[in-house]
Every structure is written in C-alpha cells, then in structure tokens.
Amino acid sequence: MNLPAHELKRLRAVTDTDADLTALVERRLAGEPLQYLEGSAAFGPWDLHVDPRVLIPRPETELLWEIAAGLMESPNVIVDLCTGSGALAIALAKSFPEARVLGTDLSSDALDVARENGHVLATAIEWYHGDLFAALPENLAGAVDLLVSNPPYVAEREYAALPEDVKREPKLALVSGPTGLEVYERIAAEIGRWLAPGGRFALEIGEAQGDVLKSVFADLEPEVRKDLTKRDRFLTGRKP
C-alpha cells in the first residue's frame with residue numbers, strides 16, 4: 001500500500017474490511033480521486049456528496065463563494081451557472097437565506113447530485129437543466145442581483161497535460177473548447193440582459209485568463225482578483 005499515510009487513514013475510515021480497503025487503495029493508485037472514493041468533499045463548513053458525475057469542489061471555489069458573498073448585502077435573486085455539485089448555490093443560499101437561489105447545469109447527472117446535496121443540507125434552491133442562461137425562467141431577465149459561476153475553462157490542448165486524477169472528473173466540466181474562453185464569451189454575450197441594474201457577478205477563471213477576460217467583460221466594470229497563491233483566479237464586475 002504505497003499511499004501517503006493521510007490518504008490511507010482517510011480510506012480506512014470509510015471501509016469495514018481489509019479487503020474493501022485493499023480495493024480502494026488499488027483504485028486510488030490507479031488514479032481515482034480520493035474524494036470519489038470517500039464519496040464526499042468539504043466545502044466551507046459542509047460536506048458535499050461527490051462522485052464521477054461532478055467536478056470536485058476546490059479551495060479556490062470556496063474563496064469564490066466568500067468573494068461573491070461580500071459583493072452585496074442582500075441580493076434577492078442569485079444564480080449559479082454550471083453548478084456541478086451545487087457547492088456555490090448551497091453556500092450562497094446559506095449566506096443569504098432570504099434570497100431566491102437558482103442553480104443550472106448542462107449535465108442532468110450533475111443536477112441529480114446538486115439536488116441531493118441541496119436536500120441533505122436543507123436548502124430551497126431551484127435547480128434547472130440547460131445550457132447557461134437558456135436554463136433560466138425568462139421572467140428573470142433583468143432581475144438577477146448576483147451571478148456566480150465556476151465554468152469550464154481548460155483549453156482542449158491543455159487537457160492531456162492535466163494530472164491523471166483530474167482527468168477522472170467530467171471533461172464537460174473542465175474543457176471549454178479550443179481556447180478555454182468559449183464559455184466566458186457566451187456568458188459575457190448574455191449576462192447584461194439577465195443582471196438587474198447594479199447587479200454583480202463573480203467568476204472563477206484560469207490563472208492566465210485575467211487580462212483577456214477583462215476585455216471580454218469590458219462593459220461590466222471588470223476586476224481581476226487573486227487566489228491565496230497570488231495567481232489571477234477570479235473576475236468580478238457589475239452592471240452599471
């Protein structure tokens with residue numbers, strides 16, 4: 001068993017027999033993410049169910065939640081595009097219990113996981129299946145106070161170089177297209193129609209994408225913010 005001691009301890013905590021532990025260790029050594037083997041991932045003070053249907057929430061996305069929650073005092077309508085496990089939608093629903101919170105995803109499998117997490121954590125989030133804004137009720141156009149998203153932002157050419165355990169996560173949630181900017185460009189093309197006047201947004205971005213995305217979102221007072229390692233990681237802005 002050539003796993004780090006802390007990983008072996010975590011796997012031992014979710015198994016009943018030595019045979020089960022051996023099987024999990026073999027799967028981990030073959031590249032399966034530890035969180036999938038455990039069936040959960042921490043996000044803030046909560047444990048979310050995760051499995052191969054969804055991207056595993058990262059610490060950077062926790063920081064995105066904190067940044068987004070600090071942009072407005074009392075948003076009425078919050079939208080999480082590309083919600084995946086539901087992490088951002090759930091965290092913002094907990095931060096703003098009076099708000100109407102909606103989460104969307106192109107993957108119906110991911111939405112099943114998000115619904116499960118939302119139910120277990122007692123949130124009243126509305127979940128919608130569809131492609132970005134097309135999933136939202138049309139009567140929300142011009143009424144969204146806060147929009148967040150951790151969309152796919154890996155370029156197709158970068159995918160092969162990702163760590164093996166990352167490539168076990170849904171490619172749909174990782175790869176945007178040839179440039180990695182495709183989903184942001186689509187969000188930028190429509191976001192102005194959906195945000196309320198003064199509405200805010202916060203997006204997770206790739207560390208080399210900040211400058212170009214400031215241009216893409218130029219009409220929305222964009223600001224690039226850094227993660228804890230001082231890399232460009234987030235883009236925020238507002239509708240004038």
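**Note on aromatic pairs, a helix crossing and buried sites**

1. Both Trp 46 and Trp 65 are buried, where buried means under 20% relative accessible area, exposed means over 50% and partly exposed lies in between, computed with a 1.4 Å probe on protein chains only. The model is a predicted one, in which local features need pLDDT of at least 70 and side-chain atom pairs count only at pLDDT 80 or more, while totals for chains, interfaces and linings use all residues. Residues are numbered from 1 along each chain as its sequence is written, and side-chain values use heavy atoms, with hydrogens and water left out.

2. The structure holds 5 aromatic pairs, a pair being rings of Phe, Tyr or Trp (its six-membered ring) whose centres lie within 6.5 Å, with planes under 30 degrees apart called stacked, over 60 edge-to-face and the rest tilted. The pair of Trp 46 and Trp 65 is tilted, because the ring centres are 5.4 Å apart and the planes stand at 55°. Trp 46 belongs to strand 2 (residues 46–49) and Trp 65 to helix 4 (residues 59–69), so this pair ties together parts that are 19 residues apart in sequence; helices (H or I, at least four residues) and strands (E, at least two) are DSSP runs numbered from the N terminus. Ring pairs also join Phe 43 with Trp 46 and Trp 65 in a cluster.

3. Tyr 153 and Tyr 184 make a stacked aromatic pair, with 6.4 Å from centre to centre and 25° between the planes. Tyr 153 sits in the loop between strand 6 (144–149) and strand 7 (154–155), and Tyr 184 in helix 7 (residues 182–194), so that the pair links distant parts of the chain, 31 residues apart. Both Tyr 153 and Tyr 184 are buried.

4. Helix 1 (residues 5–12) and helix 2 (residues 18–29) have axes that come within 10 Å and cross at roughly 135°, the axes being lines fitted to C-alpha atoms over the stretch in contact, with angles from 0 to 180 degrees between N-to-C directions. Helix 1 is therefore oblique to helix 2, given that angles under 35 degrees count as roughly parallel, over 145 as roughly antiparallel, 65 to 115 as roughly perpendicular and the rest as oblique. From helix 1, Glu 7, Leu 8, Leu 11 and Arg 12 meet Leu 21, Leu 24, Val 25 and Arg 28 of helix 2, contact meaning heavy atoms within 4.5 Å.

5. The buried residues are Ala 87, Leu 88, Ala 89, Ile 90, Ala 91, Leu 92 and Ala 93. Thr 83, in the loop between strand 3 (77–81) and helix 5 (87–95), is buried with a relative accessible area of 7%. Not counting residues up to four places away in sequence, the residues that Thr 83 touches include Ala 89, Asp 105 and Trp 127.

6. Gly 210 is placed in helix 8 (residues 210–216) and is buried, with a relative accessible area of 1%. Leaving aside neighbours within four places in sequence, Gly 210 is in contact with Ile 205, Val 224 and Asp 232.
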